[in-house]
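Subject: Handover of the model, with notes

Dear colleague,

Please find the structure below, followed by my notes on what came out of it. Could you read them with the model open beside you?

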Amino acid sequence: MTLSAHPIEGNGEAHVEACATSIGMGDKVTIDPITLSVVRFKLLAVAEEVVEVMTQASFSPILNQSRDFSSAVLDGVGQLLTQAERVPIHMGALPFAVKRMLEAFEGDLHPGDVIVANDPYWGGSHLPDVTLAAPLFVNGELVLWVANRAHQGDIGGISPGGYSPSAREIWHEGIRIPPMKLVAKGVLREDLLRMICTNSRTPEDMRGDLLAQMSSVVRGVARGAELYDRYGTRVMTAACDAILNAGERAMRQQLSQWTPGVYEGVSLMDPQRAGEAPLPIKARITLSGDHVKVDFSDCAPQVASFINSPLANTKAAVNVAFMYLSGGQDGQNEGSTRAIKVITRPGSIVDPLEPAPVTACTTLTASVIIEAVMRGLEQAAPTRVVAGFARRFRLAIGGTDRVGKRFIWHTFANRGGAGGHARADGWSNLGVVHNPGGSPSPSVERTEAAYPFLIETYALRPDSGGAGQYRGGLGGIYILRYEGASVASITPTGDGAEIAPYGLAGAQDGQTHAYSIERAGVETQLGAKDANLTLQPGDKVICRSAGGGGYGLAARRDAAEIRRDIDYGYVSEAAARAHYPQIDTGYDERSHGNLADRDHKTAESDARDGGRHG
Amino acid sequence: MKTSQIIHHQWGNMRIGVDIGGTFTDLVAVDADGGIVTTKTLSTPQDPSEGVVQGLLLLANRLGMTPSQMYERTELMIHGTTVATNTLAQRNGAHVGLLTTLGFRDVLELREGTKTGRYDLHTPFPQPLIRRPDRLEIVERLRHDGRVEVPLDEAHVLQQIDALRARGVEAVVVGLLHSHINPAHELRVRALIQQRDWQVYTVLSHEILGSEGEYDRFSTAAVNAYVGPRLDRYLGRLEARLREAGARFPLLIMQSTGGLLPALEAARYAVGCVTSGPAGGATATALYAKLLGVDRVVAYDTGGTTTDISLVDEGKPQERRKTELEDIKIAVPSIDIQVVALGGGSIARLDAGGILTLGPDSAGALPGPVCYGRGGEQVTLTDANLVLGYLSPTTFLGGRMQLDLARAKAVIRAQIAEPLGLTVEEASLAVNALASSRIASAVRTTALRRGLDPRELTLLSFGGAGGLHTAAVANELSIPHALVPREASVFSALGFLAADVRLDAQSPFGKLLSDATPEALEATFQALEKQLRERMAAGDFDGGKTSGSANNDTFSFMRYVDCRYRRQISTLALSVPADVGRQTPVDWVLAPFEAKYRQYYGHVHANESPYIETCRVSAYRMIAGGSLPRPSDHGAGDLPPPGNFARVRRVFTGEWIDIPGLWFDELREGACVEGPALVESTTTTVFVPAGSTARIDAFGSLSIQSEQRA
């Protein structure tokens, strides 16, 4: 009952003709549409199997639990065909890595090779993200790549875990691996593996995780080979082309629905040092029919701090923005990016030259790039853009616990609000736009059991969401009392203490992060770049996270929703009166239930429209 | 069984299984010898208990008895209910209030900061089951070790109770921090509610889930409170109706774990019923594994909108600790059923890039496929299978529904065939092939997640839309042996009859294996068993009707430890061997833990001691042990084919060919079907492709050997 076992006879030629016109783009398609849809699905299944193998085999919790890895299948020249939905920022970046691998080993790639690389100046994003990729050869021809990018727990460098605000050049950030053969013609290079792992603070985990990556791409290549066996190289090559063309066509169709024009989007980062100005990322966006140019030439020069974004990461972030804008439809692949041209100036913060440090690029800088694109398209795609999200602002507390044992703790709770958009309010406590809601925060109960803290409050932060026709999501309030045996150090890193999540279409910004330390009843503000701070036993750390930006004029907000916000305590009565003059009209008790129904119905009709609730 | 045989069989000590589906209510009776008889009747969604009574009358009729004769000879009835499932899916449950620790009112709304669907930023925020004004804080605080930091302010609690009552809530959750370590405050709050003479459905978080993690506990308790009152009313109504009709036997309810609970207990522990029906399917799969003498079976059930996949390993359905239903988290164990959005109603269309896709959205039952003629306008899998000749327009569902072939063709032509330059048949074949690929891929993933190679499994398919794809799925996965049970149409109800009464309890242990003493473990387990004995004594476990009284000795206990490496989050469950006695836990935990860990993850952390997170006990009362249902080639409804049943079918497999059409109920043990052929029953159609051979086995199932191995 397989299609290959029952080739459709008699009118094969007619198919070729029909497809060339229907799938179009002027290319020579020699595949029937039936095989095409089945092959596309099977390629996705290959990427998903890589994910399963990786989940089972990897060592570190960041991989087997938080699943901070991604897999993709690429064609013979490194164009991404399909991906298993994992970390958004990994995906657009993977083709760069594979293309550089091809370059590095031109004429010297063989069946059974597995290539490893992480260097941002060799197609990588930041050093913790290590990519393994394996080529598939059929009759001596390189036809397919299977790749797996995984965030390694530690790759050396100044700070454990890789995020080093004090890094001034790339060598401070860990081991750099240009494309190298980890496996050559089926033989694992133990010496290379040992060398890489020796450069990690957790060599055992690193070894297990790299071997897991290796087995996952090897499995993927075997599955890919089965597809080539079954359908033949000619059909598979045609299928790969057609898949990319379809991705391109879908993106072009989406772009042509938006209003053409030249737009500018600017998003700011908090000043890097006290007294400096905020750092802008500027995107000049030219939307002309079915294609778009995103020009970052006006961005600041690269800086001697880990916020530089290598080109692969910059392009990936732009890609993520367009995925959000187009609703993340199925069939996203590198074809979609053919319609999006990204221009950068080498030596700038979004296209740095060696040896600029880059570790924060996949989180902080990626968020700001995504925001610049969103803000730029406010006029062009008003129903698709989303207002500002809270940025990542984390604390690390290091000290001794109740029984005198050393500990280090990082905040993963209290992420801040999401931005509103043309159809609904933003989500509360969702966090960062580069990975919204991606990993769960640890429970209060577990935190208290494992660390010398008493958490006094973890609750929504009223009034933090930007007012608008659609309100920004709320941030949170997280109050932690330190109960260790001795003085602890507290180190904030991140952004958004000064720059607020932006409102769109006339709405208000969300409130900024406002963190402080309370000692003996006196509160002291905590800056995102403060260093050398201490906590005394009994001190409280009060974390108020940013709310999302609103969308649309506040005066247009439904009175029943304003009332609901007040009843629910999302917005104080005073703030509501300040922002919403319409508060005193058109509300009665019954509209409550209707409102709830309406929320639900919107969700349902979204599902019908193909909105994703996965 | 044939009517004459049914009447001459000595029916006694019967058990009756009842499964209420969206369209049909299925009933299966089994007696002490394992003989079975089945019937179906239309469901009555307004009051499902009506359909149950109707079905019982039909069943008595089939048995050649009066209803009271049948009730006399019935030991008990086992029921799987979708009331909890539907209440949750339709979000029409109770108005619930929460009393919680000062400072933590928003735990449910903060959702641990998570969201599914990473590229979708436009879905509106889903309000939690308990809205903010109904979540009130009370003054109290416990420490992580159970010490009281702030005593319970009872006067304040009473005020808050009155405030919730004034808001008109129908159910109350009491969810306090660290209550799994020290339940005193939660218990006291319930006493205060009772003291106020308020008869409200009350749920204490530690009673629903005795483990660390406030979001898991509160969320699970909230689900319980949300679906509980409605389930309670429904079960009450059903019991009353049965009593009215003269039935005296006790009513047991199928749980998501595959265990049974008495109706009263099930209504209190409503969250345990959320996947009650599918659990029956998995239990029935385990029954077939046992009958066939195989350890590992993977089953898929393709219905109108979804495909449910479950895996039986070592003869048991595999469980999971947590379930996430869209934005709702349920942290109690259940049979691990993977749900894939693929069914007969799945919509086929060209995506924005012009490539054919199938699902995940579905036309559901309404409007349904185009060929149902109920207003569906988008191509579905069922429409494609109709065009291909696999489904018969006149004898679908035994002739209960006429299918509109012309409409199906027209829509496939306009939406898929013409844009792609294909014939209608070719387009339909593409949709059919995509469906097989998607099911196969999901089955493969399910097996891989458990560290199993799909080729070593037996494939079992049930559910209306599954049989057409069984052989293709087996073929794609190189599974040599696939099975379609004759009882497929009443599979869940059959599974209920293979289940045992089961109660679960757990408590945190929290020690490294190297620090765990046999005494500490024993004390923890004994406390849990004591608690289970008390629950049994309190619950109406067999209505005093069967095998003597509710004697605790009729229960057996199974002990489990949930282990992980210390810094991990997810655990592996190990059963505690009966003979461990005073052995050091390392002696019986380490080797099995490492073996299982290796099976799942491919490696172990040899230098690290595992950590025992939780101790669990399941109490079983084996009611099925002696008389498992024994399906045969005279099972199912044993219905004759409709008068217009076509013995020759014209189907499209790349070209139009004529193949035999066979009626499942006419095939007896040993019968052999050479592919290509269609085997049809009133509820499903099985396609046996060219090169495959199907035989009727000793249990009446259609057993398909794939073309590669045959």
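I begin with one residue and its surroundings. Thr614(B) touches Arg321(B), Gln506(B), Ser507(B), Pro508(B), Phe509(B), Tyr560(B), Val561(B) and Asp562(B), leaving out residues up to four places away in sequence, where contact means heavy atoms within 4.5 Å. This threonine, Thr614(B), lies in strand β28 of chain B, which covers residues 611-621; helices (H or I, at least four residues) and strands (E, at least two) are DSSP runs, numbered from the N terminus. Thr614(B) is buried, with a relative accessible area of 1%, on a scale where buried means under 20% relative accessible area, exposed over 50% and partly exposed in between, for a 1.4 Å probe and protein chains only. The side chains of Thr614(B) and Glu613(B) are joined by a polar contact of 2.9 Å (a pair of N or O atoms within 3.5 Å; within protein, one must be able to donate a hydrogen and the other to accept it, and residues adjacent in sequence count only if both atoms are side-chain atoms).

Before going further, the conventions: this is a predicted model, in which local features need pLDDT of at least 70 and side-chain atom pairs count only at pLDDT 80 or more, while totals for chains, interfaces and linings use all residues. Residues are numbered from 1 along each chain as its sequence is written, chains are lettered from A and ligands numbered from 1 in the order in which they are written, and side-chain values use heavy atoms, with hydrogens and water left out.

Glu109(B) and Ser507(B) are separated by 398 residues in sequence and by 26 Å in space, C-alpha to C-alpha.

Next comes a sheet in chain B, open and of mixed pairing, whose four strands run in the order β29-β30-β32-β33; two strands pair if DSSP finds at least two bridges between them. Strands β29 (648-652) and β33 (685-688) of chain B stand at the edges with a single partner strand each, so one side of each is left without a neighbour in the sheet. From one strand to the next the twist averages 35 degrees, with axes as lines fitted to C-alpha atoms, for helices over the stretch in contact, and angles running from 0 to 180 degrees between N-to-C directions. Strands β30 (residues 656-663) and β32 (residues 677-680) of chain B pair in the parallel sense over three bridges, with Leu662(B) opposite Val679(B) and Trp663(B) partnered by Glu680(B). On the other pairing, β32(B) and β33(B) are antiparallel over four bridges and form a hairpin with four residues between them; here Ala677(B) stands opposite Val688(B). From β32(B), Ala677(B) and Val679(B) point one way and Leu678(B) and Glu680(B) the other, and all are buried.

On a 1 Å grid over the protein atoms alone, a cavity is a set of points where a 1.4 Å probe fits but cannot get out, and a pocket is an open set with protein on both sides within 12 Å along at least five of seven lines, lining residues having an atom within 4 Å of a point; grid points are joined across faces, edges and corners, and a volume is the space filled by probe spheres set on the points. The largest cavity has a volume of about 120 Å³ and is lined by 13 residues, of which Leu108(B), Pro128(B), Tyr215(B), Asp327(B) and Ile328(B) lie nearest its centre. The second largest pocket has a volume of about 1300 Å³ and a lining of 48 residues, with Arg190(B), Glu207(B), Ile208(B), Gln531(B) and Arg535(B) nearest its centre.

Finally, the peptide bond from Gly359(B) to Pro360(B) is cis, with omega near 0 degrees.

With best wishes
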